[in-house]
Amino acid sequence: MLPQALVVGNAFVMKPSERVPLSTMRLTELLKEAGLPDGIFNTVQGGREVVEALCDHPQIKAVGFVGSTKVAKAVYGRACMHGKRALCLGGAKNHMVVMPDADLDQVTDALMGAAYGAAGERCMAISVAVAVGGIGDKLIEKLAPRVQGLKVGPGLDPQSEMGPLVTRQHRDKVMGYVDQGVKEGAKLVVDGRGLKLQGYENGNFMGGCLFDGVRPDMTIYKDEIFGPVLSVVRSNTFDEAIKLAQAILRNGPLAVEAALECVVRGMQLPLDQGLRFESSRFGILAASDDMHEGLNAFLEKRPAAFKRA
């Protein structure tokens with residue numbers, strides 16, 4: 001949201017999660033060093049009370065949010081109640097479709113970064129790999145040792161490939177999803193729940209988890225886990241894989257690892273680009289980002305009148 005808001009001439013107030021404030025403070029420093037005038041980009045810290053104050057403040061004309069669906073709906077409702085524009089993006093379940101002719105070394109490298117980078121705690125994380133045709137077994141054979149060998153450790157350790165989860169509560173929630181996946185019949189190929197780090201026994205660490213045989217009716221397939229858990233789903237055809245993505249993505253991103261002609265074919269299919277939970281004259285509550293709406297949300301159109309000289 002920040003680039004769109006600034007490029008069309010707005011000032012911007014950012015409130016990061018109170019659990020991870022430092023990256024936004026660093027961004028503030030970098031923007032100032034780059035020459036952005038004071039007052040254009042501003043950072044405030046806090047919890048719910050700060051969010052409500054921003055939604056209520058009369059000088060703020062538009063509100064944006066990225067996070068859980070529950071909070072997205074709450075922010076959307078409060079901002080719209082005060083007549084503000086609201087672009088609230090909640091939830092994400094991002095798929096990678098792996099075609100039978102894909103380069104599995106490249107696919108594996110991409111999935112390791114996309115699924116386990118930042119411990120899976122990012123909205124653009126790939127959490128589902130749809131294996132088309134007979135490539136599923138080969139994909140699992142490539143992925144399993146890589147996931148098992150992930151170097152988990154403190155974020156400040158340059159040898160660490162994956163750090164801790166943000167809180168103990170969230171780590172336990174992610175582990176609960178893994179428990180549920182096993183209970184519902186998915187095959188847990190790599191189990192990271194039992195990871196213990198010497199010297200960090202009380203840390204919020206867990207290893208990467210890899211599921212195979214995941215079905216669309218399973219909780220781990222439908223819910224955004226927001227952790228280092230990758231689900232592999234089997235699909236007979238490309239068309240079937242796209243239908244799976246259409247049904248769950250709600251306007252989210254779709255990555256296709258395939259030969260060029262398959263990618264072109266995929267772009268020609270009518271992916272659902274318009275599903276929203278709710279809309280009004282003030283705002284849009286979307287399931288994931290839409291660049292067109294994202295730009296319009298920060299623009300105010302006014303009629304113009306011209307007189308001949």
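With a relative accessibility of 12%, F12 counts as buried; here buried means under 20% relative accessible area, exposed over 50%, and partly exposed in between (1.4 Å probe, protein chains only). The model is predicted: local features need pLDDT of at least 70, side-chain atom pairs count only at pLDDT 80 or more, and totals for chains, interfaces and linings use all residues. Residues are numbered from 1 along each chain as its sequence is written, and side-chain values use heavy atoms, with hydrogens and water left out.

**View A. The stacked pair of F12 and F41.** The structure holds 2 aromatic pairs, a pair being rings of Phe, Tyr and Trp (its six-membered ring) with centres within 6.5 Å; planes under 30 degrees apart count as stacked, over 60 as edge-to-face and the rest as tilted. The rings of F12 and F41 lie 6.0 Å centre to centre, with 15° between the planes. Because F12 belongs to strand 1 (residues 12–14) and F41 to strand 2 (residues 41–43), the pair ties together parts that are 29 residues apart in sequence. Strands (E, at least two residues) and helices (H or I, at least four) are DSSP runs numbered from the N terminus. F41 is buried, at 8% relative accessible area.

**View B. The edge-to-face pair of Y200 and F205.** The ring centres of Y200 and F205 are 6.0 Å apart and the planes stand at 70°, so the pair is edge-to-face. Y200 is partly exposed, at 43% relative accessible area, whereas F205 is buried, at 7%.

**View C. S231 in strand 9 and V128 in strand 6.** S231 lies within residues 229–235 and V128 within residues 126–132. Both are buried: S231 has a relative accessible area of 1% and V128 one of 0%. Contact means heavy atoms within 4.5 Å. Not counting residues up to four places away in sequence, S231 touches S127, V128, A129, F211, V214 and I220. With the neighbours of V128 within four places in sequence left aside, its contacts include K93, N94, Y221 and S231. The C-alpha atoms of V128 and K93 are separated by 7.4 Å, although these residues are 35 residues apart along the chain.

**View D. The largest nonpolar core and a second, separate core.** A nonpolar core is a set of buried Ala, Val, Leu, Ile, Met, Phe, Trp, Tyr and Cys residues joined through side-chain atoms within 4.5 Å. In the largest core, of 55 residues, L111, Y116, L139 and L210 touch the most other members. Helix 5 (residues 104–116) gives the most to this core, with 7 residues. Beyond its neighbours within four places in sequence, L139 is in contact with V98, L104, V107, L111, A129, A131 and V232. The second core, of 11 residues, includes V63, F65, V75 and C88.
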